[in-house]
Amino acid sequence: MRNPFQYGGVVSGESFCNRTKETVDLRRSVENAEKLFVYSERRLGKTSLIRKVLAELPEEEYLTVYIDLWPTDGETSFVLTCAKAFSEAMATTTDKLLFTAKAFFSRLIPSVSANENGKPVVTFGFDKRRPDVPLLEEVLAMPAKAAEKEGKKVVIVMDEFQQILEYESDTVERLLRSNIQHQPDMAYIFCGSRKHLIRQMFMDSQRPMYRSGAHYPLGLIAEDHWQTFIAGKFAETGKSISPEVITAICELTEGHPFYTQHLCHPLWELCETGGEVGKDMIEQAKDLLLERESYAFMNLWDSLTINARRLLKGVAAEGAGTQVFSADFVRKYQLGSSSNAQRAVDLLLKKDIIDKEESGIVIPDRFFRLWIISKQGQ
Ligand SMILES: Nc1ncnc2c1ncn2[C@@H]1O[C@H](COP(=O)(O)OP(=O)(O)O)[C@@H](O)[C@H]1O
Ligand SMILES: [Mg+2]
């Protein structure tokens, strides 16, 4: 029997727990053609939620364009990624895709192939004979053109939006801002995983996207919803679990969607068909999970500087609200000086291993934190 707990990719349908209020909020934002920044730590369910909201919009009324900026590293890949997303959103057949791609992007040469599901996908190359057309402008003008051509409202989602901070210049950010200001009828959702970066983007008056939209921090899923969801999944597969055990799971994962599903996965395995999950199995499931992840955790650990490891050990042990630059902390974790601590923090932020909260530095990966604690003293 298939394990009913899924973690890693986008979840939908039966694997999607609650988010009723968030779904309504985002739907309303789209209907009002707002510009919205949705942010949370990694793996909290942003992509799954937004995909669900997009999928539920009536097709005859909305053209939805989902753009994942994760693989982009500069203006060129931004342009190519957007062009691809727009073309594929507007065309479902190979012929139509080629036609759309050619009609809309004068300097890009499309070639179309089919993916493993037989759906046409497009890749673009540059037409070097026409270097004078400003590509970025052309791509950013797409929403308006698409709306006109399709006679639909347009919703644009840019996922992993913080990626544009990695680009060499802020041209994309600036042009995007001036574009969205002049597009009162288009809904935009900018979605990001690195909270401190996304917040900085719309709250720092020095940045181009400053106050260019409303913001929507996505939160954890409350225990009530997990109670129904988890109990349901066990029951459907001929196993049972008590509310007390589910409470204990939520205490460990804080109701974080990814970690909750990740922990339930081995827990379900440990319980035999027809059986009931005992409270002691949570500990076993956690150990199993840490053991399975240990190779990846070890590699990550090995890639860090000695001070970064010391700082992580400290943050893992002391928990939320740790003052990592304080003399006490620096001494206790042998960092030598607060500037060493600063360098370690910079490195770990860049590598996305820690994040800055109002309360201080945190390690978002709950299990990596537990793994670090389990290594303590070794
Ligand atoms: N609404 C949800 N219900 C159940 N599990 C969820 C939900 N949202 C996210 N998850 C879990 O979290 C994982 C990561 O979700 P994802 O949407 O990719 O997050 P993000 O885009 O914030 O990184 C999923 O694979 C799934 O295990
Ligand atoms: Mg995502």
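Which residues does Ile354 touch, not counting residues up to four places away in sequence? Ile354 touches Val315, Leu348, Leu349, Ile361, Val362 and Ile363, where contact means that the C-beta atoms of two residues, placed from the backbone, lie within 7 Å. The structure is a predicted model, in which local features need pLDDT of at least 70 and side-chain atom pairs count only at pLDDT 80 or more, while totals for chains, interfaces and linings use all residues. Residues are numbered from 1 along each chain as its sequence is written, and chains are lettered from A and ligands numbered from 1 in the order in which they are written.

Ile354 sits in the loop between α15 and β8 (355-357). Helices (H or I, at least four residues) and strands (E, at least two) are DSSP runs, numbered from the N terminus. Ile354 is buried, because 24 other C-beta atoms lie within 10 Å. A residue counts as buried with 20 or more other C-beta atoms within 10 Å of its own, as exposed with 12 or fewer, and as partly exposed in between, C-beta atoms being placed from the backbone. Between Ile354 and Ile373 there are 15 Å in space, C-alpha to C-alpha, and the two are 19 residues apart in sequence.

Ala341, Ala344 and Leu348 are the buried residues of α15. Seen down the axis of α15, these fall within an arc of 65°, so they line one face of the helix; the arc is that of the directions from the helix axis to the C-beta atoms. An α-helix has 3.6 residues a turn, so residues three or four places apart point the same way. The cover over the buried residues of α15 includes α13 (306-318) and α14 (327-332). Ser339, Asp346 and Lys350 are exposed on the other side of α15. After α15 comes Asp352, with a positive phi near 65°.

The protein is divided into domain 1 (19-217), domain 2 (223-299) and domain 3 (305-375), with bounds from an automatic or database domain assignment. The C-alpha centres of domain 2 and domain 3 are 28 Å apart. Contacts join 8 residues of domain 2 to 6 residues of domain 3. On the domain 2 side, helix α12 (residues 280-302) gives the most, with 5 residues.

In α9 (residues 223-236), Trp226, Phe229, Ile230, Lys233 and Phe234 are buried. Their directions fall within an arc of 125° seen down the axis of α9, so they line one face of the helix. These buried residues pack against α10 (243-253) and α11. Asp224, Thr228, Ala235 and Glu236 are exposed on the other side of α9.

Last comes the ligand. Of the 21 residues around ligand 1, Cys17, Gly45, Thr47, Ser48 and Pro257 come nearest; a residue is near if its C-beta atom, placed from the backbone, lies within 6 Å. The elements giving two or more residues to this shell are α2 (46-56) and α11 (257-270). Domain 1 and domain 2 each supply at least three residues to the shell.
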